[in-house]
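Subject: Structure for your review

Dear colleague,

Please find below the structure that I am handing over to you. My notes on what was found in it follow directly after.

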Amino acid sequence: MNDLVIVGAGQSAAQCIMTLKRNGFEKPIILIGEENHLPYQRPPLSKDFLSEEVGLERVYMKSQDFYDQNNVTVNKSTSVLTIEREDKTISLSDGKILSYQNLVLATGSRVRRLKVKGSDLNNIHYLRTIDNSDAIKEGFKRDKKIVIIGAGYIGLEVAAVAVKKRMKVTVIEMANRVMNRTVDPIISGHFDELHRENGVEIILNSTLEKFEGEKDVEAVVCKGGAKIEADLVVVGVGIQPNQEVAESAGLKCSNGILVDEFCRTEDPHIFACGDCTNHPNFHLNKNIRLESVHNALEQAKTVALSLLGKPEKYDQVPWFWSDQYDQRLQIVGISGDHDEIVTRGSLKSGSFMLFYLKEGELIAADSINNPKDFLISKKLVANKLKISSDVLSDQSVDLKELIK
Ligand code: FAD
């Protein structure tokens, strides 16, 4: 019987292996991933890997040597099709059956695909993998027209890179503002202005109807009739968790594989971590599913500690970042539930913070190009600081002094 099998060779899986090995786990590990790559970081795929400022070697988390030296067998281009929990076996796309003592599901998520007319034309891309990022790069040609469907993080990051590549960029968004799902209108307005200043055309309140073209995409048509010429299309309309293998094995899933605070599923021999989980968050006092590197890495550490017999509760405040042009947006906590917003610094200066308060308690913070204050804000949000807006907005107050 194999001691440990990990399904999905993404960032969470690699972190789980690193934590196990750092803590003296000597048994062999089998890693199974459906992509033809070693585990890698996805953030660069819409940022400096897409702009060709960094190469593949900077994207991989570890080289093949690391896995060889640590007794980890990596099975690339292989999918896990089913889990037989009674027998403690899994079946693979290459026909093999593997047994496990413990199984970790780190299956991540996949892009939501559009089903409108013309969706199968050439040059319509999604962005999740190295191969997707490479395919988009191929289409980056000066003065060609790129249309991006969806003004979320991915869409806007691609827009910023396409501008660098001197393309004509149009972004189509269904909502009435960019990044509407994740940030406050103040941040949306800031990035909307930034993109427009850089020459991006943003069309809000507009729903895609179909793509037109013979073989390659030639135009994007919106409901209401607006037609935008396109040589290249990138779609970024959200993702969904890869939970089907778990679900068909009878594990409880609801917008992700349900795990407890130790990243255990209801089966004592099956754990899950990363984008694919729906988990309790003690800071927010509710169950959530997150799509972020921080969550993928921290949950992976939680799984590793559970496997090592030293379980530690997953107790993290969510945080996330996005890079667009020379602006880094960093977000800690979850806003939306707030009753007050406090600005620290001026929006015009390009470096500022927004603090979100609920009944005087700090619940979230956004930072634009202010990494120092962001770092401190992570602690302040974790501490659920009770504070008056005057103190937070006063730049003569050193935020560090507010840490208890
Ligand atoms: P994944 O990285 O999705 O890895 C899961 C792997 O499992 C995949 O390779 C998948 O193919 C494989 N798999 C699935 N099912 C099976 C199966 N049945 N058998 C075998 N293998 C399987 N987060 C941030 O915090 N900041 C950012 O700036 C940021 N930028 C991003 C930019 C892009 C372009 C993308 C795509 C994501 C970005 N994210 C960012 C999100 C972040 O990358 C993810 O949250 C993180 O990669 C999740 O890691 P994971 O290991 O849980 O899942």
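How far is an oxygen atom of the ligand from an N or O atom in the side chain of Glu34, and what is that distance in Å? The value is 3.1 Å. Please bear in mind while reading that this is a predicted model.

**The ligand and its surroundings**

With Val293, the backbone takes part instead: one of its N or O atoms lies 3.0 Å from an oxygen atom of the ligand. The ligand taken alone exposes 1000 Å², and the protein buries 95% of that area.

There are 34 residues around the ligand, and those that come nearest are Glu35, Arg42, Lys47, Arg128 and Asp275. Several elements contribute to this shell: α1 (11-22), α7 (293-307) and β22 (319-324) each supply at least two residues.

**Aromatic rings**

A pair of aromatic rings is described by two values, the distance of the centres and the angle of the planes. The structure holds four aromatic pairs. In one of them, the ring centres of Phe66 and Tyr67 are 5.2 Å apart and the planes stand at 85°, so this pair is edge-to-face. Both Phe66 and Tyr67 are buried. Another pair, Trp319 with Trp321, is tilted, with 6.0 Å from centre to centre and 40° between the planes. These two residues form one aromatic cluster together with Phe374.

**Charges over rings**

Two lysines deserve a look in the viewer. The charged end of Lys137 sits over the ring of Phe49, at 3.4 Å from the ring centre. Likewise, Lys313 places its charged end over the ring of Phe282, 4.2 Å from the centre.

**A residue in helix α3**

Is Ile136 buried or exposed? Its relative accessibility is 0%, and because buried means under 20%, Ile136 counts as buried. This residue lies in helix α3, which covers residues 130-139. Apart from its neighbours within four places in sequence, Ile136 is in contact with Leu50, His125, Tyr126, Leu127, Leu232 and Val234. Lys115 is 21 residues away from Ile136 along the chain, and the C-alpha atoms of the two are separated by 20 Å.

Yours sincerely

Technical notes. Residues are numbered from 1 along each chain as its sequence is written. This is a predicted model: local features need pLDDT of at least 70, side-chain atom pairs count only at pLDDT 80 or more; totals for chains, interfaces and linings use all residues. Side-chain values use heavy atoms; hydrogens and water are left out. Helices (H or I, at least four residues) and strands (E, at least two) are DSSP runs, numbered from the N terminus. Buried means under 20% relative accessible area, exposed over 50%, partly exposed in between (1.4 Å probe, protein chains only). Contact means heavy atoms within 4.5 Å. Rings of Phe, Tyr and Trp (its six-membered ring) pair if their centres lie within 6.5 Å; planes under 30 degrees apart count as stacked, over 60 as edge-to-face and the rest as tilted. A charge sits over a ring if NZ of Lys or CZ of Arg is within 6 Å of the ring centre and within 35 degrees of the ring normal. A residue is near a molecule or strand if one of its heavy atoms lies within 4 Å of it. A polar contact is a pair of N or O atoms within 3.5 Å; within protein, one must be able to donate a hydrogen and the other to accept it, and residues adjacent in sequence count only if both atoms are side-chain atoms. Accessible areas come from the Shrake-Rupley method with a 1.4 Å probe; for residues, only the protein chains shown count as cover.
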